[in-house]
Amino acid sequence: MTAPLLSIRGLKVRFTAYGQVNEVLHGVDLDVPARGNVALVGESGSGKSVTMKAIMGLLRTPPAEITGGQILFRGQDLLTMRERERLKLRGTAMSMVFQDPMSSLNPVFTIRDQLATILKYADRRLGRDRSRAQRLARVHEVLAQVRMREPEQVAAAFPIMLSGGMRQRVLIAMALLSEPELLIADEPGTALDVTTQAQILKLLKDLVAERGLALLMITHNLGVVRETADRVYVMNKGTIVESATTGAIFAHPREEYTRDLMAAVPRLTGGHRYGTQGGRA
Amino acid sequence: MEFLSFLLRRVGWSLLVLVGLSMVIFFIARIVPGDPARMALGPTATAEQVEALNDKLGLNKPITVQYAYFVGGLAQGDLGRSLLTERAVNDDIRDTFPATFELVFATIFMAFVFGVPMGVVAANWKDRWPDTAVRLFAIFAAVTPSFFLAILLQVLAGYVLGVLPTTGRLSPDVVYTAGPTGLLIFDSIAQGRWDVLGDAVRHLILPATALAAATTGQIARITRASMIDTSRQDYIEAARAFGVPGWLRLFKYNLRPSFVPPLTILGLEFASLIGGAFVVELVFAWPGMAAYGIRTILQKDLNAVMGVVMVSGVFFVTVNLVIDILVGIVDPRVRIRGKRT
């Protein structure tokens with residue numbers, strides 16, 4: 001077995017606020033293989049978002065502090081590498097899809113302007129040379145990749161002119177601009193209605209298959225996981241409590257917490273199953 | 001296209017506001033006690049003379065008829081004659097308004113050129129010393145009356161340091177006859193009179209500073225608050241995650257969406273700016289509308305009062321119209337929503 005694309009070992013993060021120190025990740029281990037489709041599941045406050053921000057290097061320090069562990073990307077430790085090198089990876093080789101389509105796009109600039117600006121600085125960091133026209137062509141290309149029927153029109157639009165689903169796809173296009181190897185998606189589509197969310201998840205799954213990228217999906221919804229992921233990590237209170245292939249985890253959840261999460265998945269048919277598993281406080 | 005209809009609608013509203021203003025001021029000016037003809041002719045005039053002048057001015061006619069006359073004149077761009085100066089009000093205003101216009105514009109310019117960067121600095125270094133400095137300045141600027149600041153500046157820069165002129169628009173030794181617009185800065189550039197330009201700018205600095213201080217503080221405060229608000233938005237974080245450089249995030253991604261509140265505040269502040277201009281003009285012997293306006297009000301020189309108020313009103317409405325257009329340019333959400341409603 002080859003080394004995974006992303007490998008987190010013993011990651012510890014703590015926050016300091018008003019003189020109180022609070023450890024929120026107590027040694028997280030997680031692997032995302034190349035072309036893998038991995039989900040990180042947990043309830044609000046379990047530490048999923050902190051894990052994601054630590055991977056992307058978006059934690060504000062202070063108040064956050066990474067006190068231990070490694071985050072290996074292509075075998076290199078992101079935590080010890082020079083800031084310059086790390087900036088070359090962020091938003092390019094490793095990229096993320098933002099959660100909220102309503103607030104993650106700047107309202108006063110066109111989609112084209114925002115995507116082209118990101119591409120311009122990504123190119124600059126990587127020492128790539130691209131003319132303005134080539135950048136715009138690339139913007140239209142990624143918009144087509146996220147199934148926009150009229151990429152030029154979408155590019156010329158302001159965010160307010162697009163629906164929530166379209167904006168979410170623009171956010172995915174944003175992540176695809178520089179051909180990432182690893183895509184991290186934070187609760188994709190949770191701000192959207194169920195049908196649109198399903199389309200977004202399908203799109204992400206298709207993109208992973210088409211473009212050969214690895215996906216780390218962060219979600220609180222195991223129903224989403226079942227549809228898309230190959231492997232699942234279940235997180236609770238800052239530690240990974242269970243990890244297995246998706247099939248195995250749904251067939252034989254070992255942890256009580258995992259069973260609770262499953263019970264919490266809303267269903268369209270049949271009676272609800274809240275409380276049947278003996279909940280935990 | 002939708003921008004044009006937005007514009008036309010705004011112009012329509014502005015005209016309506018001006019009509020309302022003309023009515024209110026017209027009737028108030030006539031309700032205020034005092035006999036304009038008696039004041040103009042002085043205590044030695046006979047009752048017949050006063051009556052004759054009242055007849056001549058039409059002041060014996062019903063007030064609605066008087067208003068009709070006034071609007072008729074206004075429609076032809078004629079504001080009537082001033083009793084005080086015995087000249088056409090149009091001429092009086094043409095002589096005085098450009099100075100006020102120049103002062104107010106220099107003030108707005110200063111308020112933005114200093115206020116916005118201060119707000120940016122304060123927001124970027126929130127709760128650190130640059131922020132504290134800006135906030136202190138804003139508070140002091142807001143609570144210092146402009147006439148006090150005017151006198152302070154006059155004493156400091158004019159007499160103690162002796163670096164800047166303290167009265168008038170031009171030095172007496174500068175030979176210059178006013179150009180077509182009456183705006184010294186504009187005319188002198190158009191005519192290539194750089195000496196006049198320099199002198200006019202030097203004369204503008206102190207009065208404009210006195211007038212701009214409070215507005216600068218306001219704009220700095222509003223810009224700061226607005227930018228701090230924007231900085232918490234996901235799109236700023238997204239730009240950071242995708243490696244957009246910090247200065248670009250600050251000046252483009254953050255400042256632009258934050259720019260609408262300071263613009264709007266300026267529109268609201270504009271009325272008090274005109275009022276403040278009158279006071280500052282008196283301190284600096286600035287030959288603007290202030291001295292004229294105040295004298296005409298005290299003398300109940302009705303035509304002149306109406307003229308000054310209407311010109312101020314048009315000025316106010318126009319500036320707010322321009323601000324509305326700028327807001328539409330800065331924030332596409334305003335334009336696009338405007339289309340739907």
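How many helices and how many strands does the secondary structure of chain B hold? In this predicted model, in which local features need pLDDT of at least 70, side-chain atom pairs count only at pLDDT 80 or more, and totals for chains, interfaces and linings use all residues, side-chain values use heavy atoms, with hydrogens and water left out. Residues are numbered from 1 along each chain as its sequence is written, while chains are lettered from A and ligands numbered from 1 in the order in which they are written.

Chain B comes to 15 helices and 0 strands, where helices (H or I, at least four residues) and strands (E, at least two) are DSSP runs numbered from the N terminus. Along the principal axes, the C-alpha atoms of chain B fill a box of roughly 85 × 60 × 40 Å. Of the 341 residues in chain B, 48% are buried, a class that means under 20% relative accessible area, against over 50% for exposed and in between for partly exposed (1.4 Å probe, protein chains only). Among contacts in chain B with a separation of 6 or more, 72% come from residues 24 or more positions apart, contact being taken as heavy atoms within 4.5 Å.

Two packed helices are described by the angle between their axes and the distance between the axes. Helix α12 (residues 260-283) and helix α14 (residues 302-330) of chain B pack at an angle of about 165°, with their axes 9 Å apart; axes here are lines fitted to C-alpha atoms, for helices over the stretch in contact, and angles run from 0 to 180 degrees between N-to-C directions. The helices α12(B) and α14(B) are therefore roughly antiparallel to each other, given that angles under 35 degrees count as roughly parallel, over 145 as roughly antiparallel, 65 to 115 as roughly perpendicular and the rest as oblique. The contact of α12(B) with α14(B) has 16 nonpolar, 4 polar and no charged residues, with Ala, Val, Leu, Ile, Met, Phe, Trp, Tyr, Cys and Pro counted as nonpolar, Asp, Glu, Lys and Arg as charged, and the others, Gly among them, as polar. The residues that meet include B:Leu266, B:Phe270 and B:Ile274 in α12(B), and B:Phe315, B:Phe316 and B:Ile323 in α14(B).

Helix α12(B) also packs with helix α7 (residues 146-160) of chain B, at an angle of about 30° and with the axes 9 Å apart, and α7(B) and α12(B) are therefore roughly parallel to each other. In this pair, B:Ser146, B:Phe147, B:Ala150, B:Ile151 and B:Gln154 of α7(B) meet B:Gly276, B:Val279, B:Val280 and B:Val283 of α12(B), and the residues of the contact divide into 6 nonpolar, 3 polar and no charged.

In chain A, the 16 residues of helix α3 (residues 111-126) should span 22 Å at 1.5 Å a residue, in agreement with end C-alpha atoms that are 23 Å apart; the expected span is 1.5 Å times one less than the number of residues. The buried residues of α3(A) include A:Leu115, A:Ile118 and A:Tyr121, and their cover includes α2 (83-89), α4 (132-145), α5 (151-156) and α6 (164-176) of chain A together with α11 (246-254) of chain B. After α3(A) comes A:Gly127, whose phi is positive, near 70°.

Most residues other than glycine have a negative phi. A:Arg35, in the loop between β2 (20-32) and β3 (37-41) of chain A, has a positive phi near 60° and is exposed, with a relative accessible area of 61%. B:Asp127, in the loop between α5 (89-124) and α6 (129-143) of chain B, has a positive phi of about 65° and counts as exposed at 55% relative accessibility.
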